[in-house]
Every structure is written in C-alpha cells, then in structure tokens.
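Me: I have a structure open and would like to go through it with you. Could we begin with the strands and then turn to the helices?

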Amino acid sequence: MELKKSKTYENLKKAFIAECAARTRYEFVEYGQRMAGYEGLATITDKIAYQEFNHARMLYTHIEDANKQTIVNEQIKVDLPFRQKWDLVENLKLTAEDEEEEAKFYQKAFKIATEEGFPEIAGLFDMIRKVELKHKKIFTYLYEKMKDKKLFNSDKEKEWCCPSCGHTVKASTAPEKCPLCMAKRETFCITLPKDLCIL
Ligand SMILES: [Fe+2]
Ligand SMILES: [Fe+2]
C-alpha cells in the first residue's frame, strides 16, 4: 500500500498536529509555573515539552518521505484539547489526562500501521506511546505532590539543589530559603523517582 493513501498517513498528520499542540500547551503550563516561581518544576515541564517537539520532528520526517520531500498544503481534521489555564495544580492533572489520551491514540495508530504494512512507522508510534505513558506518570506524580503541598517534602533525607546558585542542602524538606543565595523554596530542583527520570 502506498503510504500517502493509507490511514497510517492520516494518523501521522494527526499525531504531528497533536504533538505540536501538546508542546505549546505544556509551554503554557511551564510559563505559569515559572511566573509563580516554581523554577525546578518548570524545568521538568519544559523538558517534556521539548520531548513532544522531538516526537513531532520524527513524525514530520515520515510525512516528508511520503511526499518525497515536497511539502504540500493538506487539510487535517483532528480533535485537540484546549483545557490548561492558570491553575498550577489543576494544569498538572489535565496534562496527565491528555497524555493518557495520546497514548490511546498511538495504541490504535500502531495497530493500523502494523495491519497496513508499515512496521517502521508502527514502531515509532509504539515508542512514542510508551513515552506518553511515562509523561502521564510524571504529571500524575507532580499533581499529587502539588495537591498535597508536598512537592518539597521527602520521606527521607535527600540533597535539595538550588537552581539559582548550585548550593545543595541535605534534609527531608527543602529549606525555606537557599542559605547561599536566598532563593525561595519554590525555585528548588525537584528529583523525580528513578523510573520516571527524564532530565
Ligand atoms: Fe508526544
Ligand atoms: Fe507526552
């Protein structure tokens, strides 16, 4: 089957647009976090937004291939969420839900690409799906922590790093202010659990 005439081609276009939109929505979320002083949190969100960009980049290369490198104007009909606003806690919950939806889309797209005989694209869909599920877990983790006001609390002593000056403090709770540069607690770096690490 010719890629350009396949459902997989439609899915590549839909996925590309969805990734571009997700990246921008996450940058909104990141912007809100940074404006509120949560620099460490914003760094994680920014990294995830960058990963969405790279998903879009790889999907784009397959769209280019189908068009033999010639970029054409095409109509794309795709359902997109527009939900994130200014509530820092709620944004994390909505974003985790969006990741879940994206993973469901990739699951279907993988199946169709396999059936249509495009194993390389199916493999890409499957790898992206796994990342979206990881993103979902990260946003869920951060949501729970923010909701319970425990973003800067740990069960045991750990190193808290100040992103402003690089000073580290060993404690179960991040200091109210960095003893070296006086930066506020909200700015401190957040360490994700090992299996969710993306930085
Ligand atoms: Fe993505
Ligand atoms: Fe994602």
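Me: How do β1 and β2 pair, parallel or antiparallel?
Reply: This is a predicted model. In it, β1 (residues 153–161) and β2 (residues 168–173) pair in the antiparallel sense, over 5 bridges.

Me: Which residue in β2 is the bridge partner of Lys-158?
Reply: The partner of Lys-158 is Ala-171.

Me: And how many residues lie between β1 and β2?
Reply: The two strands form a hairpin with 6 residues between them. In the turn, Gly-166 has a positive phi of about 90°.

Me: Let me step back. What is in the protein as a whole?
Reply: The protein has 4 helices and 2 strands. Starting at the N terminus, the elements are arranged as α-α-α-α-β-β. The C-alpha trace spans about 65 × 30 × 25 Å along its principal axes.

Me: How much of the protein is buried?
Reply: Of its 199 residues, 28% are buried.

Me: Now the largest nonpolar core. Which members touch the most others?
Reply: They are Ala-113, Ile-121 and Phe-125, in a core of 30 residues. At least two residues of this core come from each of α1 (7–35), α2 (39–66), α3 (88–116) and α4 (119–147). The largest share is that of α4, with 9 residues.

Me: What is Phe-125 in contact with, leaving aside its neighbours within four places in sequence?
Reply: Phe-125 is in contact with Tyr-106, Ala-109, Phe-110 and Ala-113.

Me: Changing topic to α2: why does its length make sense?
Reply: The helix has 28 residues, and at 1.5 Å a residue it should span 40 Å. Its end C-alpha atoms are 41 Å apart, so the two values agree.

Me: Which residues of α2 are buried, and what covers them?
Reply: The buried residues include Leu-41, Ile-44, Ile-48 and Leu-59. Gln-51, Glu-52, His-55 and His-62 are also among them. The cover over the buried residues of α2 includes α1 and α4.

Me: What follows α2?
Reply: Lys-68 follows α2, and its phi is positive, near 50°.

Me: Last one: what share of the contacts between residues at least 6 apart join residues at least 24 apart in sequence?
Reply: The share is 64% of those contacts.

Notes
Residues numbered from 1 in each chain as written. Chains lettered and ligands numbered in written order. Predicted model: local features only at pLDDT ≥ 70, side-chain atom pairs only at ≥ 80, totals over all residues. Pairing = 2+ DSSP bridges. Core = buried A, V, L, I, M, F, W, Y, C linked by C-beta atoms within 7 Å. Buried ≥ 20, exposed ≤ 12 C-beta atoms within 10 Å, placed from the backbone. Contact = placed C-beta atoms within 7 Å. Expected span 1.5 Å × (residues − 1).
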